Structures are given as structure tokens and as C-alpha cells.
Amino acid sequence: MDSGQDQRQKKGTRLVVGVILLLIILFFIIDVFIRGSAEFSPGKVTNILLTALQFIVLLLALILMFVLGRYLAKLYLERKRKVAGAHFKTRLVIFFTALSFIPTLLLFIFSSGAITNSIEQWFRIDISSLVKDTRAVADGFYSTTSEETFHFARELAREIQRRGLADPAVRPRLESYVKAQLSEYKLDEISLFQDNEELFSLLNPNLPLQDYRDLDTDDVRRAHLGQDLVDIKPMGAGELVRRGVSFTDPKLGAVLVTAGKFLPESLTKKMNSIMALDERYSMRGTQRDMTKTLYKLTLVFVTLIIVFTAIWIGFHIAKSITVPIEKLAYATKEVSRGNLAVKIEDPAADELGLLIESFNQMTSDLRKGNEQVAQKTAEVAARQRTIETVLNAISTGVIALDSQGLITTVNPAAREMLDLPARDPAGRPFRSVLDPERFPDLGAAIDTALRNRTKISDREVQMVLGGQAKTISLSLTPLRKPGEDFSGMIVALDDLTQLINAQKIAAWKEVAQRVAHEIKNPLTPIQLNAERIIRSFRKGDPAAVEIIEEGARGIIQEAQTIKALVDEFSDFARLPKLNRQPASLGDILRQVAALFRGIFADVAIEIRVDPGVPAEIRLDSEQVKRVFINLIDNAIDAMNKSGTIILEATFLPDVRRVQVAVADTGPGIPAEDTNKIFLPTFSTKKKGRGLGLAIVSQIVREHEGGIRIESNRPSGAKFIIELPI
């Protein structure tokens with residue numbers, strides 16, 4: 001279909017829709033005018049309006065038949081030309097037509113009979129007797145209310161006369177009595193008049209007082225002359241019924257007592273409404289046939305609109321489904337021929353629109369994919385070459401394992417460092433490549449990390465490679481891909497042999513200097529005492545014995561100092577071998593704290609053990625006690641024997657380690673000393689030799705743990721120890 005024909009079809013569709021909307025508006029305007037006319041009666045105007053409605057219904061029926069016939073003819077031609085989707089479109093149109101026409105026809109037949117019967121029953125009912133009975137009931141209610149009010153007014157007048165309450169001297173008693181009777185008689189108003197002047201009035205406060213009107217003076221005057229006082233006046237939404245009784249008092253003259261009752265709703269208005277309805281019903285008795293015609297025309301009109309709308313929707317849905325299907329069938333054939341540039345232009349916005357959009361996206365992705373495959377392949381190859389170059393160039397040995405412990409990558413540095421065979425070990429279990437006899441510590445560490453899926457950082461392992469002892473720094477890092485808990489492990493190896501040897505040489509140089517300095521201090525007094533003894537012998541000093549004895553004691557004392565220094569360095573160099581046994585860390589902390597309690601009165605030691613800390617950990621309890629005794633002793637010395645020490649143990653589930661913090665409230669450690677605090681030659685004490693914290697660090701390292709120092713807030717130092725469980 002060309003664009004010109006498509007425009008003409010759209011223009012014709014808009015014209016038909018516009019005409020139908022105009023007919024609908026015109027029909028309902030006439031219908032509303034007829035129904036809204038209260039004085040409507042048969043006549044020339046009525047006939048003209050009904051004829052107009054019949055013409056509108058006929059015109060709508062002709063339009064419906066024209067549209068339906070046109071679409072059916074178009075469907076017949078499409079089926080004859082075997083257009084794709086013509087059979088499906090025909091079934092949809094028939095389905096929607098039947099779905100709307102059959103129920104609507106049945107509803108029309110039923111509604112038509114129901115309307116006819118209802119109108120007949122409506123005009124057959126005689127409500128004249130109902131109107132008369134209603135009026136009689138209303139009149140009786142008014143009469144009863146008036147007589148009851150008159151009775152209460154008469155009783156009030158009689159009691160006022162009998163009790164002498166009309167006297168002005170007892171006015172408060174009169175008002176009190178009237179107020180009581182207002183409530184007792186359930187009245188809404190009581191008023192007293194002397195001659196033509198109102199003495200007072202009492203009203204029910206719940207009345208609409210803003211609409212209250214006083215009794216006319218003429219009615220009061222006539223009541224004094226002996227006429228019955230009957231006053232009914234509107235008050236708000238209801239009416240106030242008043243009756244009065246007049247009597248003559250010797251002192252005051254003519255006195256009028258009135259009583260009133262409020263009727264909440266005006267029965268007169270209801271009676272007028274009933275009479276007006278009766279008159280309208282009587283007049284509409286002559287409009288029976290016209291009413292039937294009006295309702296049936298409305299029913300036919302609504303039925304035609306429903307049928308037309310359903311058929312129109314059926315054609316629209318059929319077209320919205322079949323046209324995109326035709327385009328998809330054509331485009332699919334083009335793609336099968338290798339034409340990936342095909343694109344479907346269709347404004348559909350439903351699921352078919354999504355299908356077309358997906359088809360267009362698919363062809364676009366296929367076209368772009370052919371262009372990107374080569375580019376991605378080149379990028380992957382370049383990235384792989386870069387990674388291989390980096391792994392081949394770095395001095396750190398790298399071994400990559402999958403989650404099952406199979407080797408995926410080994411770089412040249414790792415091959416050389418571990419003296420592995422040249423054959424590529426990829427795909428083999430690491431235990432078959434890393435012989436447990438050659439690499440017992442390395443294999444055990446990898447086993448532990450894979451089993452616990454935890455990170456191990458900077459662990460030193462000893463191994464013999466090529467007949468030489470080497471120290472290797474081992475770091476294991478778990479790999480976690482998106483959406484996976486654990487996907488493998490990276491093993492990083494650094495040869496620290498030369499670095500450690502250099503550090504040992506530097507450390508021993510510093511130790512030698514420190515030892516020389518420490519030994520030199522006592523040697524000077526030893527030399528001086530020896531020279532003094534020699535001089536006393538040469539001079540033959542009579543006090544030579546005392547000088548020799550005093551010099552010998554000085555030499556012995558300084559020799560003991562040298563011996564103690566030698567013993568300390570010997571202990572540092574020869575720590576006992578670890579004897580790991582299951583032990584409770586909390587019990588160890590409590591035992592250590594008990595050693596210091598009671599010795600330092602101004603030192604408080606608090607112990608905090610997290611419930612998550614395992615009940616038992618494999619460690620050397622005596623060595624660990626030595627660690628905490630040394631740290632607490634240093635803390636007490638730093639706080640000058642006054643302050644608080646906190647021992648806090650927590651569990652770190654991510655790395656499966658226990659962390660113990662020893663915090664004090666002392667002055668803290670300067671930042672420039674934190675890097676030297678664990679060296680065997682450094683001490684912040686005046687008489688310290690720097691071996692205590694060095695021994696602590698060595699014990700922690702032998703437990704495969706770590707120790708570091710932080711500042712304690714607000715003051716003091718905090719030593720943090722981490723031990724594997």
C-alpha cells in the first residue's frame with residue numbers, strides 16, 4: 001500500500017469516527033432534553049424529537065452495515081490473494097463480531113421485554129388512595145401535636161394560678177418552675193405574656209434558634225379576647241407548633257401562657273411533593289406509548305454502539321497483529337538469505353512491538369557481532385600476551401590454582417625458584433607438582449588455605465633447593481568471581497634469602513655494637529678496681545686488705561652484670577621449641593592478669609573475651625603467657641604503675657584468626673619509634689636492653705601469627721596480636 005492510499009484510508013476512518021461521535025452527542029442531547037422536561041406532553045415537538053432519534057438510529061445502523069460490509073469485502077479479497085495473516089484476521093473479526101453481537105442481541109431482547117413490562121406496571125399502579133391516606137396521617141399528626149401542646153399550656157396556666165406564681169415578687173420561683181416543666185413535659189418552648197408584653201421565654205437549646213420568630217402581637221391580643229391561639233411557623237428545616245391559654249390575674253391583669261413543640265421536618269413540604277408527583281403521574285398516563293418508544297430507541301442506539309465498537313476493535317486488533325506478522329515473515333526470509341541489514345519499521349508498542357524491536361536488535365547485534373569478533377579476538381590475544389609478559393618478567397613467583405587445587409598457571413620465576421621441571425604443570429593437582437617431601441611447609445600452607453578458603457600473608461617457609469637453604473615469603477589470596485563464593489587461589493612466592501642474610505648481618509652488626517657498649521660499661525670499673533689493688537700492693541698500704549676486698553667486690557658485681565647480659569642474649573638466641581597443645585585463650589589471659597593483681601594497687605586490669613572466640617586453640621601456653629607477661633610489665637612501667645590495662649580477645653571469621661589487644665592508658669609510643677620497637681637492640685627504658693619485645697615478636701612469629709602496635713584512644717599504646725586457630 002502506497003503512502004497516498006494510506007493517507008486516504010486514514011482520512012476516511014477519521015470521517016466515519018467523527019460522524020459517529022456527532023450522532024452519539026446529538027442523540028444524547030435530545031434524550032436528555034426529553035427526559036429533563038417536567039411539563040413534557042405529547043405534541044408536535046415531541047413527534048419531531050422522536051423522529052429525529054429514529055433517524056439517528058437508522059443512520060447509525062447504515063454506517064455499521066457499510067463499515068462491516070467494507071471490511072468483509074476487503075477480507076475476502078485478501079483471502080483470495082492469499083495474503084499472509086488473512087485467515088487469522090478473518091477468524092478474529094468473526095470472533096469479535098459474534099462475541100459482541102450474540103450477547104448484545106440476547107440482552108436487547110430481554111431488556112426490551114423488561115422495559116415494556118415495567119412501563120405497563122408503572123402506569124397501572126393507582127397511588128391516589130396512597131396520597132389521600134398520607135395526607136390524612138399528616139393532618140392527624142398535626143392535630144395530635146396541637147392538642148397535646150394545648151393540654152400542656154392549660155396545665156401550666158392552671159398551676160401558675162393555683163400557686164400564685166404570677167406575682168412579680170416570686171418571679172425566680174416562676175422561672176424555675178417553668179424551666180422544670182419544659183423538661184418534664186418535653187416541650188421546646190414556654191412563654192409568658194402580660195397583656196401584650198412578653199415577660200420571658202424558655203427555649204430548648206438544641207433548636208435552630210437562628211431561625212426562631214416571636215409570636216405576633218395580634219395573636220397575643222386575640223388570645224386575651226378569648227380566641228384559641230394556634231400558631232404554626234417554619235423554623236429551620238422543621239416547624240414550631242404553638243398553643244396558648246389566657247387567664248386574668250387580680251394583680252397583673254391578663255396573662256397568656258404559650259407552649260410550643262418543634263417538628264423536625266415539614267410534613268407540609270412532603271405533602272406538596274406527593275401531590276405534585278400525583279399530578280405528574282396523572283399527566284404521564286397519556287405518554288405511555290411515547291415513553292416506550294423513547295426507551296426502546298435508546299436501547300437500540302446503545303446496542304448498535306456496542307456492536308459497532310466491538311467490530312471496530314476486532315478489525316483494529318486483527319490488523320495490529322497480522323501486519324507486524326507479515327513484516328516479520330518477510331524480514332525472516334531476508335535474514336535467511338544472509339541480508340543482515342534488513343530492519344522492520346513498525347510503530348507497534350505492545351508485545352508484538354517488543355518482538356519487532358528484539359528482531360531488529362538481533363539483526364543489529366549479528367551485524368555488529370561480525371565486526372566485533374575480530375576486534376575482541378585481537379584484544380583478548382593482546383591482553384593475554386601482556387599478562388604473560390608481566391608474569392614472565394616479574395621476580396615474584398606466581399602459581400594460580402582453581403577451587404579444586406588444580407594448577408592453571410605457573411610463571412618462570414616460580415619454576416626457577418622451586419626448581420620445577422620444564423613440563424607445563426597446568427591441569428595437574430598441586431600436590432603432584434609440589435612434592436610433599438621437598439616442600440612440606442609450602443604444601444601444608446596451600447592445603448590449609450584451600451580448605452579454609454582464607455588469606456595467608458607474608459608467611460616465611462624454609463626449604464632446601466639445590467642443596468641450599470632458602471627462606472621464601474608465602475602469600476595466598478583467595479579468588480572470588482562475581483556470583484561465586486570461591487573460585488581458586490593465587491600463590492605468590494618471594495625469595496627472601498639474600499634479604500634476610502643482609503638483614504641478619506646488619507642486625508648482628510648493631511647487636512655487636514650494643515653488646516660492646518654494654519660490656520664496655522662494666523669493664524671500666526673492673527679496670528679501675530684492678531689498678532687500685534695493684535697500687536695498694538706496690539705502696540704497701542696498711543689498708544691494702546680493705547682495698548683489695550672492696551675492689552674484688554666491685555669486680556665481682558660488674559662480672560655478674562656482664563654474665564646477666566650474656567644470659568639475656570643467650571635466652572633470646574635459644575628460645576625453647578614450641579609445644580602446641582589445645583588451650584583456652586581466655587584462661588591464659590585470666591592467669592596472667594592474676595599474677596599482677598594485688599601487687600600494684602593503682603593498676604586495674606580488665607579482661608574482655610568475645611563469645612565467638614573458640615574454646616580451645618592449639619598453641620604453646622607457656623610461651624604465650626610469656627608474651628602477655630612481657631606486654632603487661634611494659635605497660636605498667638609505661639603508666640608509672642598507675643592506670644588501666646585492657647586485655648580484649650575477638651574472633652575474625654573472615655581470616656579464621658583470633659585477635660588479642662593489650663591496651664594501656666600510658667603516654668603511648670612516639671610514631672618514629674613504632675618501626676624499631678621490636679628490634680633486639682631498641683628500648684625506651686633507661687636500663688632496658690631491648691630484648692623483651694624482640695622475644696615477644698619471635699614467639700608470635702613462631703605461632704604463625706603477627707603483632708603490630710597502634711595508638712590507644714584517647715591515650716596510651718595498643719599492641720595487637722593475631723594468632724591462627
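Analyst: Start with the nonpolar core: a set of buried Ala, Val, Leu, Ile, Met, Phe, Trp, Tyr and Cys residues joined through side-chain atoms within 4.5 Å, where buried means under 20% relative accessible area with a 1.4 Å probe, protein chains only. This is a predicted model, in which local features need pLDDT of at least 70, side-chain atom pairs count only at pLDDT 80 or more, and totals for chains, interfaces and linings use all residues. Side-chain values use heavy atoms, without hydrogens and water, and residues are numbered from 1 along each chain as its sequence is written.

User: How many residues has the largest nonpolar core?

Analyst: It has 39, and Ile605, Phe628 and Ile721 are among those with the most contacts inside it. Helix 16 (residues 621–638) gives the largest share, 7 residues; helices (H or I, at least four residues) and strands (E, at least two) are DSSP runs, numbered from the N terminus. Apart from this core lies another, of 28 residues, including Ile472 and Phe486.

User: In what order do the 5 strands of the open sheet run?

Analyst: Strands of a sheet pair through backbone hydrogen bonds, either parallel or antiparallel. Here the order is 2-1-5-4-3 with antiparallel pairing, two strands counting as paired if DSSP finds at least two bridges between them. Strand 2 (197–203) and strand 3 each have a single partner strand, so one side of each lacks a neighbour in the sheet.

User: Which residues of helix 6 are buried?

Analyst: An α-helix has 3.6 residues a turn, so residues three or four places apart point the same way. In helix 6 (residues 217–224), Asp219, Val220 and Ala223 are buried. Their directions from the helix axis to the C-beta atoms fall within an arc of 100°, so they line one face of the helix.

Note on methods. Buried means under 20% relative accessible area, exposed over 50%, partly exposed in between (1.4 Å probe, protein chains only).
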